[in-house]
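Subject: Structure handover

Hi,

Here is the structure I promised you. Please open it first, then read my notes below with it on screen.

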Amino acid sequence: MIKKIAILISGFLILGFGNSYAQQKIKGTVASSDSEKVLIGVSVSIQGTEIKQLSGDYGEFLLTNVSSGSQVVKFRLEGYETLHFQINIEKEKDLDLGLITMYPIFTADFDTSIISLSEDELSEDEKGGSENVSGLLQSSKDAFMRAAAFNFGQARFRVRGFDSGYGQLLLNGILMNKMYDGRPQWSNWGGINDATRNQEFSNGLLASDITFGGILGSTNINTRASNYRLGSSVSYASTNTNYTGRVMATHSSGLSKNGWTYVFSGSRRFAENAYYDGTTYNAWSAFMAVEKKINDNHSLNLTAIYTPVRRAKSSANTQEVYDLAGLKYNAYWGYQNGEKRNSRIKEIKEPLIILSHYWKIDKTTTLNTNIAYQFGHIGDSRLNYANAPNPDPTYYRNLPSYYLRFQDNLNYTGAYLAGEAFRYDPSYSQINWENLYRANIENQTTHYYLSEDRVDDKTITANTILKKSLTKSITLNAGFTYRNLKSENYAQILDLLGGENFLDVDYFATGDAMQSDLNNLNRIVKVGDKFNYHYNIIANDINSFLQFQFKYYQVDFYLGTHFGIRNYQREGFYKNGTFANNSFGKSEKKVFTDISFKGGATYKINGRNLIDFNAGFINQAPTIRNAFANARVHNEFTPDLKSEKITNGDLSYVFRSPKIQTRLTGYYTKFENVTETSFFFAEGLRGDEADFVAEILTGVEKLNIGAEFGVEVQIVPTVKLIGVVALGQYTYNNNPHLYIQSDVFTDLKSDFGKAYIKDYKFSGTPQRAFSVGFEYRDPKFWWFSANANLLSHNYLDISPLLRTDNFYLRADGLPFPDATQEEVNRLLKQEKFDDAYLVNIAGGKSWRLKNNYYLGFFASVNNVLGEVYKSGGYEQSRNANFSELKQDKDLQYPTFGPKYYYGNGATYYCNIYLRF
């Protein structure tokens, strides 16, 4: 029935557009430019149509049913530059293109290997941390997208202001975005760059054959063993970023006579001290893909990936700390027995196994079915203290500003001594591990200990993806996916620092509220024991999509829909002393049912000029992170919890010719029903209350509008000019409700009213970016590129709590008398960071040795001029009312001033490789 309807629609469209299908043919032969050997398996296609063929054993190809007029023939093969060949074909006349030569990519490492993304930039470990989306964009050939990934990524640029969770990352069609926060866990496939080269990227809501996609696009990494080119490679890289060295080796067997193909890849990345002080890095990576070709219609492929990593984190700091200790200062480490020891270690061990079945049902139909299992853990360590001074070297009482807080009690001597100690004495400016051990041993009580927040996930995913060519012009895509997550969350003791055991109570509370588990009063824990909190999250996700793609001579368009059901449930194993009535046992099960639609069209004015339009109405369930108010201590969901609504549209003009490729796009995206949660310590709540709180924003609206422009101009065969412009405005679009929950405010009805944040800017990304550069490729196989970039309109992350009525009110409920609107505006003005000017250079060279061996190297330097710039940061919410914030902000260095992230200075990457 669907096929008949689609064919009927097609008939009307064919009549409407007056398409004439003449039977012209195009033939030719493809060879490598460096050796003149014919190339087998080159994908030769007519751009914008379904006409496609792979070159044969002699490099030959034949395209049939080609429409007359201006066309672009596309030649694509891994390891070679994609070639676009402009032709004009006359009616009833075949065309022989003769010998077509393709150039090997001697900068292949630039495309997918040399970008080794820092997990610090790709995760949100601390409030305000901003992940970039380079990993989603690496496979794009669009000039703007490549600049966003490689030129702007170092400054945490987000395309269209979108979080990476709005893009989909898939491995063999298996969605890898975590249900916890919606983002991919990049470390799960880090270090196996050779094995993840085969990528398909769909920009924005453009049609994808394997998924409905997200508004940021979708990237599918294909690890089917038969898709890898026969051969081996070894490489070594040196850098001064998040690690200092990497070794990697890869081997692909090619298809054997009995139908087997296998690929192995492995690497190690390491650093004793990376870019920031005290940051170690130790990562191993292993990849295996084995495929059995059963017959011409059936193949089985098994993929296994294991990439364990342990890396030390670096801290965000106030400007006072940076001025004292420098931009590479990190508060998380200190010396122990002469060795650097970091208290904040992130450990990720999550093996992944995927079994895939490829079925060619007939010449027009394929079915890909996959089942995946991922397990393991993510651990984040931290230094804790109980009934003892705060061991954080940047604790406000340790800084010079503490001694200058009050005008009637200025202690210049204390400030001077604190400043000198912070500058020159590591036992003062870093964690003093020896003092912590001494305090525990001498007092025979554990005051200091190292714990770990653990997440042990087990995820089972099964899906099936159908592709059916209904006619020469109509393609049906459909898919069904089921995911089940069991996530165990708990804290465990890692090191008692000389102590024998620890009493698992909250020393800041009283009575029953001190107990983490009323079923186990005054529990004594030792190394390896669970404590503080322990619960499971069970999540189930069922989704399906249906899509039709229509391709005609002058118009291509697509229509797609997505249906999803997701549910969450918490099961608490501790009866928390503060939330005794709703922490132990199972919560209610919250179910979200969502339907989404998207569509788009491309109007081909002629072979070179295109108009492209895409629109979508998306409904998606909130993530686990935002669904629960504070999952560590109780079962409650956040108030007014709803699915997020997204209205998205973009319009593009595209011009493409053999010498010029350009795209100009305008876009509009509105987010509704967004929920945001955060956790921090605050004073001045409802007058004079102070506590560690969970802040919940509900009903948030956001608005992202802007334009993108990218152009590449091939001046001469060896020189290409590149220009990119991004203009955006990303703002809050309403005043949402704010709730606070804590030991003091235990009721989720603790409504602090509206947070007046309308028109404040999003943080974590430059909202405007400009790039101009060039690339030179010499016929003797060396190349060089340089680009200059300007990034601007990046803002500090605001504290919504400071923008509620609570900010204006004293303990007696009356407003502060000196809280004039002018003074309030001064205190709450959002900080705009200075513009950043970044210059990057890169180059490489390759040599063809005997027996088809290739030796090459690549080198790059980012931020050549060492520009100092803020890449992110956030307001601290500790001073939650007008009086406290005014007193603090009037100081030269506010005691609880904003914490910042600075971008890296000059960094380099150098890679040498041998392929055979």
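In which sense do strand S1 and S7 pair, and over how many bridges? They pair in the parallel sense, over 6 bridges. Strand S1 covers residues 24-32. Keep in mind throughout that this is a predicted model.

**The whole chain**

Start with the overall picture. The chain has 11 helices and 45 strands. Its radius of gyration is 29 Å, and the globule rule gives 29 Å for 916 residues, so the chain is as compact as a globular protein of that length. Along the principal axes, the C-alpha atoms fill a box of roughly 95 × 60 × 55 Å.

How much of the chain counts as buried? The figure is 56% of the 916 residues. The chain exposes about 38,900 Å². Carbon and sulfur atoms supply 54% of that area.

Next, look at contacts along the sequence. Take those between residues at least 6 apart in sequence. Of these, 70% join residues at least 24 apart.

The mean pLDDT of the chain is 90. A pLDDT of 70 or more is reached by 92% of the residues. Two stretches need care. Over residues 1-22, pLDDT stays under 50. The model has 24 contacts beyond four places in sequence for residues 1-22. Over residues 106-139, the pLDDT is also below 50. That stretch has 129 contacts in the model beyond near neighbours in sequence. Where pLDDT is low, the predicted coordinates should not be read in detail.

Another open sheet has 4 strands, in the order S3-S2-S5-S6. Its pairing is antiparallel. Which strands are at the edges? They are strand S3 (52-54) and strand S6 (83-89), each pairing on one side only. The twist here averages 20° from one strand to the next. Strand S2 (residues 43-46) runs antiparallel to S3, and 3 bridges join them. Serine 43 has leucine 54 in S3 as its bridge partner.

Strands of a sheet pair through backbone hydrogen bonds, either parallel or antiparallel.

**Two residues in strands**

Is threonine 461 buried or exposed? Threonine 461 has a relative accessibility of 3%, so it counts as buried, the cut-off being under 20%. Find threonine 461 in strand S24 (residues 448-469). Beyond its neighbours within four places in sequence, its contacts include Ile174, Asn370 and Tyr482.

Leucine 727 sits in strand S36 (residues 719-732). With a relative accessible area of 37%, leucine 727 is partly exposed. Neighbours within four places aside, leucine 727 is in contact with Tyr667, Ile705, Gly706, Ala707, Gln767, Arg768 and Phe770. Glycine 710 is 17 residues away along the chain, and its C-alpha atom is separated from that of leucine 727 by 12 Å.

Most residues other than glycine have a negative phi. Here are two with a positive value.

Asparagine 65 has a phi near 60°. Asparagine 65 lies in strand S4. Its relative accessibility is 25%, so asparagine 65 counts as partly exposed.

Aspartate 640 is not a glycine either, yet its phi is positive, at about 55°. Where is aspartate 640 found? Look in the loop between helix H9 (624-627) and strand S33 (644-656). Aspartate 640 is partly exposed too, with a relative accessible area of 48%.

Best wishes

Key: Residues numbered from 1 in each chain as written. Predicted model: local features only at pLDDT ≥ 70, side-chain atom pairs only at ≥ 80, totals over all residues. Heavy atoms only, no water. Pairing = 2+ DSSP bridges. Buried < 20%, exposed > 50% of the residue type's maximum accessible area, 1.4 Å probe, protein only. Contact = heavy atoms within 4.5 Å. Rg over C-alpha atoms; globule rule 2.2 N^0.38 Å. Areas by Shrake-Rupley, 256 points an atom, 1.4 Å probe, with all protein chains shown as cover. pLDDT = per-residue confidence, 0-100. Axes fitted to C-alpha atoms, helices over the stretch in contact; angles between N-to-C directions.
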